[in-house]
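Let's take a look at this one from the side-chain level up. Have the structure open while you read.

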Amino acid sequence: MSDKIQAAHGAGGEKMDQLIKQYVLKSFYSSSAEIPLDTLDDAAVIEDIVFSTDSHTVHPLFFPGGDIGTLAVAGTINDVAVLGAKPIALSAAFIIEEGLSFELFERIVNSMGESSRNADVPIITGDTKVVERNAIQEFMINTSGIGKRTKLLDENIEEVKRYRDFKSRWLLDSNLKPGDKLILSGNIGEHGTALLSIRYGFETNIKSDVAPIHRLVETALEEGGIVSAKDPTRGGLANTVNEFSEKSNVGIILYEDSIPIPTAVHAACDMLGIDPLEIGNEGKVVFGIVNEKAEDVLKKLRRHPLGRNASIIGEVTDKINGVILETTVGGKRILQKPIGDPIPRIC
Ligand code: MG
């Protein structure tokens, strides 16, 4: 085994998990935060402030459906939103490779400005560094975001408690219980496929799904009964549901036929030998929800432009360990956490 950090260690899968647990968590002191670092959720919570950070590196910088700027804004808004909080502000830190054109820089910051304005989440602080040629690839952006607790989240939790015991104050990966259902907000595989089409030069009608999903989370909270939420980014749906299963210590059965995967995503994945369930998405949410509310939330999500293809994709159980994919004709396979990312540098 190599004694050096490899690309897979930053890919959001099993190897990154090891890197963080073996080195980072050991070195950082554990705080009294309500949701601390070692929870390894999408965001942390301290003094009722939700706080998250994300660095973005994507090649190429522009792709069908978005660019590194839209990605940097949406990525952090989404990590704050999936805790159930209302995102209220972002920071933006730029690391620029010497030689990047003003024209590209302007296009990227313009799209960041537009995304943050449309999302109504302002960028209120930032930092800029320029490094020598080849020190990084073109341009990297770090965004951090904060969010606050709302009445909507409290009301959602009250609704959960009408149906089952619930101790948490936030939508955590560890909140699932047998009997809960999983809802996916729409098609998977689009962001990764859009990137792949440029890298490998094949034709596709697929665009990245990159979008802030905080309003979609609000829509779900308005109906109530949500216990967990997570954006299936790096490592894709396979990673997200395995995180749910591990952290909640429950089994998950996914209904393979109910997972919305566009034909063109299937075609691209078949051609490249990639599992669409392992590809990153940038505008989707997986909700854990009490069974009694699943149909109502599904209906409501489908009326939202970002939730039109929402689907109930699985259920939580204590009958199995880990995650199993089932087809209606009776096929079954174990779905594991991806080791690394099948496509590096996509977010
Ligand atoms: Mg996330």
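Below are notes on the metal site, the aromatic contacts and the cysteines.

This is a predicted model, where local features need pLDDT of at least 70, side-chain atom pairs count only at pLDDT 80 or more, and totals for chains, interfaces and linings use all residues. Residues are numbered from 1 along each chain as its sequence is written, and side-chain values use heavy atoms, with hydrogens and water left out.

Start with the metal. The magnesium ion has Asp42 (OD), Asp79 (OD) and Asp231 (OD) as its protein donors, at 2.1 to 2.2 Å. A donor here is an N, O or S atom within 2.8 Å of the metal (3.2 Å for Na, K and Ca), and because water is not among the atoms, sites may look incomplete. Along the sequence the donor residues follow the spacing D-x36-D-x151-D. Asp42 sits in the loop between helix H1 (14-27) and strand E1 (44-46), while Asp79 belongs to helix H2 (residues 68-81), so this pair links distant parts of the chain, 37 residues apart. Helices (H or I, at least four residues) and strands (E, at least two) are DSSP runs numbered from the N terminus. Both Asp42 and Asp79 are buried, that is, under 20% relative accessible area; exposed is over 50% and partly exposed is in between (1.4 Å probe, protein chains only).

On to the rings. Rings of Phe, Tyr and Trp (its six-membered ring) pair if their centres lie within 6.5 Å, with planes under 30 degrees apart called stacked, over 60 edge-to-face and the rest tilted. That rule gives three aromatic pairs. One of them, Phe94 with Phe105, is edge-to-face, at 5.5 Å centre to centre and 85° between the planes. Phe94 is in strand E5 (residues 86-97) and Phe105 in helix H3 (residues 102-119), so the contact ties together parts eleven residues apart in sequence. Phe94 is buried at 11% relative accessibility, whereas Phe105 is partly exposed at 23%.

| Charge | Ring | Distance from ring centre |
|---|---|---|
| Arg107 | Phe62 | 3.9 Å |
| Arg149 | Trp170 | 4.5 Å |

What about disulfides, taken as cysteine sulfur pairs within 2.5 Å? The whole structure has zero. For Cys347, the closest cysteine sulfur is in Cys269, 16 Å away, so that is too far for a bond. Cys269 is buried at 1% relative accessibility, and Cys347 is buried at 16%.

Conventions:
A charge sits over a ring if NZ of Lys or CZ of Arg is within 6 Å of the ring centre and within 35 degrees of the ring normal. A disulfide is a pair of cysteine sulfur atoms within 2.5 Å.
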